[in-house]
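Biologist: I have not seen this structure before. Please show it, and then let us go through some of its residues.

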Amino acid sequence: MADMSWAVLDTQTGNILGHENAGRRHAPASLAKLMTLYLTFEAIQKGKLAWDDQIVFSKNASAKIPMKLWIKPGDSISVRDAVNGMIVISANDAAAAIGEHLSGSETAFARLMTKRGRQLGLRNTIFANPSGLTDRTSQLTTARDMAVLGMALERDFPKLFSLFSQPSFVFRGKRLKGHNNLMYRFAGVDGLKTGYTAVSGYNLVSSLEQGKGHLIGVVLGGKTARSRDAKMEALLNRFGTKGAVAAPPMVAMNAPVPTRRPKPPVAPAAAIDETVIEQGDGDAEVASLPSAWQIQIGALPSQTTAKTLLGKAQKFVHSIQGGAAGQIMRTEAHGTTLYRVRFDGFEDSKAASQACAVLKRQNFDCITVRAN
């Protein structure tokens, strides 16, 4: 497990106020559900989903490990209950069911998550499934990317953002309580999401009301829930006061400043059961996180030319690695700006090399790159 990394972003400016290893990749655990929720909200906004639509659970969705809503195969729940389940108790079965409903399979939905994430500015994030459970395919993110995603949720769905402050919800006559404990003891914190697997460690994205905007704090890779929460509390105290000394800024690209809307008050701490243990994979033995590999097919002086090259190569890459996500990375070399065209999502050097072999037969240049 990698050491803890963190970032704090100001939604009014879109800038990272401070960070430590904010570009280091970690397994997201249940923070992946923030992207699942983003796509769910977007589907509702576009009329593709309605809150009362029924989501039928497959055997695959029902088989997910806790935390979950314990829905049997063939049974269904409303979109509203699925959303509340993901937010409040981090329901893995609800996340899988939503992904399958929207895209046909978890794998197809993960490709959509990664693609939409790139459009939002998540430059170094690869999703493998809607829940964030450890997967045989690389699933990685960074503190910087999760901060950008948190801001995008507020910006794009201001009327729904208050859902993240729910301490509990009633499902089939039973009140289910959440475990985002920092939200209920730190004034002004109104979300967003906890996450834990044996691979990722303890992760947290928090939103703190700050004047007309928010601070979005991210901590990844905590050794315990207590140490992670303590780190977040220290960060919000540090950057949530005027005159705080910030680390060198790191601009959060492709994430315009959101429009603020009033938020309802957060329920008291008494509503939270402190004994609830965050679970993703729990303490079950899981495979080690695979190395993430990329392939690079060009480093060009023109962004337009780089986009054209990316488009031409996509079908060939996807023919052998359907989950590979294309990206263009801007870099400076000897005073010259270059745009690197890359695909990521390869679990080992062999998979990356196979993709390069296919591309070379199609007259593309290609090299493999170790991404972490």
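Modeller: Ser-30 touches Ser-90, Asn-92, Ser-131, Lys-193, Thr-194, Gly-195 and Tyr-196, leaving out residues up to four places away in sequence; contact means heavy atoms within 4.5 Å. The model is predicted, so local features need pLDDT of at least 70 and side-chain atom pairs pLDDT 80 or more, while totals for chains, interfaces and linings use all residues. Residues are numbered from 1 along each chain as its sequence is written, and side-chain values use heavy atoms, without hydrogens and water.

Biologist: Is Ser-30 buried or exposed?

Modeller: Ser-30 sits in the loop between strand E2 (15–20) and helix H1 (32–45). Helices (H or I, at least four residues) and strands (E, at least two) are DSSP runs, numbered from the N terminus. Buried means under 20% relative accessible area, exposed over 50%, and partly exposed in between (1.4 Å probe, protein chains only). Ser-30 has 2% relative accessibility, so the class is buried.

Biologist: Which side chain makes a polar contact with the side chain of Arg-175?

Modeller: Arg-175 belongs to strand E6 (residues 174–177) and is partly exposed at 49%. A polar contact is a pair of N or O atoms within 3.5 Å; within protein, one must be able to donate a hydrogen and the other to accept it, and residues adjacent in sequence count only if both atoms are side-chain atoms. At 2.7 Å, the partner is Ser-168.

Biologist: How many residues of helix H3 are buried?

Modeller: Helix H3 covers residues 79–88 and is largely enclosed by the rest of the structure. Its buried residues include Val-79, Asn-84 and Val-88.
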